[in-house]
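Hi,

Here is the structure I promised to pass on. Have a look, and my notes follow below.

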Amino acid sequence: MKRQAKFLCAAVAAIALGCQSKPEVEKAPPAPPIVKPEAAAQALQTLQVPESVIAFGGTLTLETALNSLQTMANKAMPMNMPFIEMAKAIFQGTASLKTSSSLDVKKPVYFVLADAKKYRNPSVVVVGITGEEALVQALPSNELKQQDQGNAYSYLKNASAKTPVYVNFMPGYVVMTREAPLFAEVKPFLEALLKLPQSDLGHFTLRLDHVLKLYDGKPEGALARFKSSIRSIQKRVGPAANIDMQVVLRVAEQVLLEGDELQFTLRADDDGLQLKARATPKGGTELAKTVGLLKPEGSALQSQLTHLPADAPFWVGADLSMQKFADSAFEQFNRYILPQLGDDGAGLQTLSRPLFDAIAAGVSSSAVFAGIPEEQGLEFAALFGVRDAAKLKEAQGGIPKLIEDSAIKAAQEKLGVTLSFNPEVAKQGERAIAALTTKTPGLFPGVSIPTESHVFLSFNNELGAIAYGEGQDSTLAAKRIEKLLSAPLEQNLSQAPIVKRAFQFAAPSPFFITSINPVLLIHAIKMGGQNPLEPYVKGIECKSGLTLSLGTENQSLVFALDLPVEILQKGGEIFEKFKGSL
């Protein structure tokens, strides 16, 4: 008995020691903390990103992100397939797994793009899982290997596949790559990324400086592909549109060479969806200098909105110090526009500078453009602040000389554009109404559909107004200008919900902001005195609008988009009416 008791004790001790010698299973950390947007943005700014990483992004927990999007989508058009189940099916199909049961939707999803020159496929996908063993059991058996070239597992998606999927694990997550050495290279960055505090549904960052270094500071390849795309479009459009394409090309090149990073964040609540894009230039560059000038002066934009009706279906507002921006605007004009005119543009620089200076001195910082519903259809008008009426008259007086200059005439002929200016087509008391007429050819070569537009302008010591009309008859334009320059309207645009929400969700320190109410816009359309779309919006009202805005924050340019849920709801109602009419 004593010998049996000793043997039993020895066996228990051996089992105990054997259990202690097994490595502890690393517990999955909790999901990253949810913090206020400002704190999340700060954490993202301070994240150390190695030069081998050119882009990265992530979400809140997959469950939270998809449920938020599902709620918004269902308000517009109820869907039978839950987004979470769709995500599981996509995960299973993309990775060729036997089952999606190992996916943990209560964790975020991340991705990284690494050195595109070093790796043929530089993508890294990080997905939350319930456990390593559950994921391994779901892996397909095609060439399944363990401990393959420093990776935990590798497999082929199907029998005919050539490139393996490499599988590795971090606490609570599976990391999938298509290049054997990639996981080891990005693992330190992933460890920091997985700890990043969260606030938005999703975020994405592109490091332009890392892209540039990837190509030794000379990204000719990317630029060449972009230029090729632009040129293919240029062949199909007219000469006037060609100038716009060249401007796009030059601006894109400047952004790529002088940009530091681009960041995108997506946010949602029960009321709507907000997307923000932040572009940060390299310090000391011309792009940084330009962004530094893009600051609102905080002048009379809200006051100008009081001169427009509350039912205006769209409006565009700007608030920039013209005096601060004049030099930069003239520089950009010389850089992007004049080169497109060749020798014809040489004289334009001398003639245009005084005009730039006079306009900058005469016009205040704010202006607003809007569509106004009238009995005959939608009319367009604009208002701008006047800083110095005498300077503005001086600028107006220089327009005929500029138009008649031989270099400008040659440029007009080259572009197929004809300009004419009449400083006084009508008068309202002592105030003259001027008119600028522009005739342009068809946009596409061989398609002769010329257009003619007339811009009517008048101003007093505080406010200027612009109206647009057809033909040289200025009667309607004069009436419209008189309305615009009169006292503020009792029911005006500044009180409208579309404007209040626009400023609520605008970019920080906005210098440009625009909103459009698509339902009101459809109501205002007239063709031959009739609205062919009225049956689809009859009885449908909408107070919200889609808003785009630009602002600056911490030397970065910020773009913001706000999509209210109401727009989706009303869009769904219009679609149902349209579908019912088929």
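First, a definition: buried means under 20% relative accessible area, exposed means over 50%, and partly exposed is in between, with a 1.4 Å probe and protein chains only. On that scale Phe369 is partly exposed at 26%, Phe380 is partly exposed at 34%, and Phe314 is buried at 14%.

This is a predicted model, so local features need pLDDT of at least 70 and side-chain atom pairs count only at pLDDT 80 or more, while totals for chains, interfaces and linings use all residues. Residues are numbered from 1 along each chain as its sequence is written, and side-chain values use heavy atoms, with hydrogens and water left out.

Rings of Phe, Tyr and Trp (its six-membered ring) pair if their centres lie within 6.5 Å; planes under 30 degrees apart are stacked, over 60 edge-to-face, and the rest tilted. The count comes to eleven aromatic pairs by this rule. Phe314 and Phe369 make a tilted one, 6.1 Å centre to centre with 45 degrees between the planes. Phe314 sits in strand β11 (residues 314-319) and Phe369 in strand β12 (residues 363-374), 55 residues apart. Phe369 also pairs with Phe380, this time stacked, at 6.0 Å and 5 degrees. Phe380 is in strand β13 (residues 377-386), so this pair ties together parts eleven residues apart in sequence. Strands here are DSSP runs (E, at least two residues), numbered from the N terminus.

Cheers

Conventions
Helices (H or I, at least four residues) and strands (E, at least two) are DSSP runs, numbered from the N terminus.
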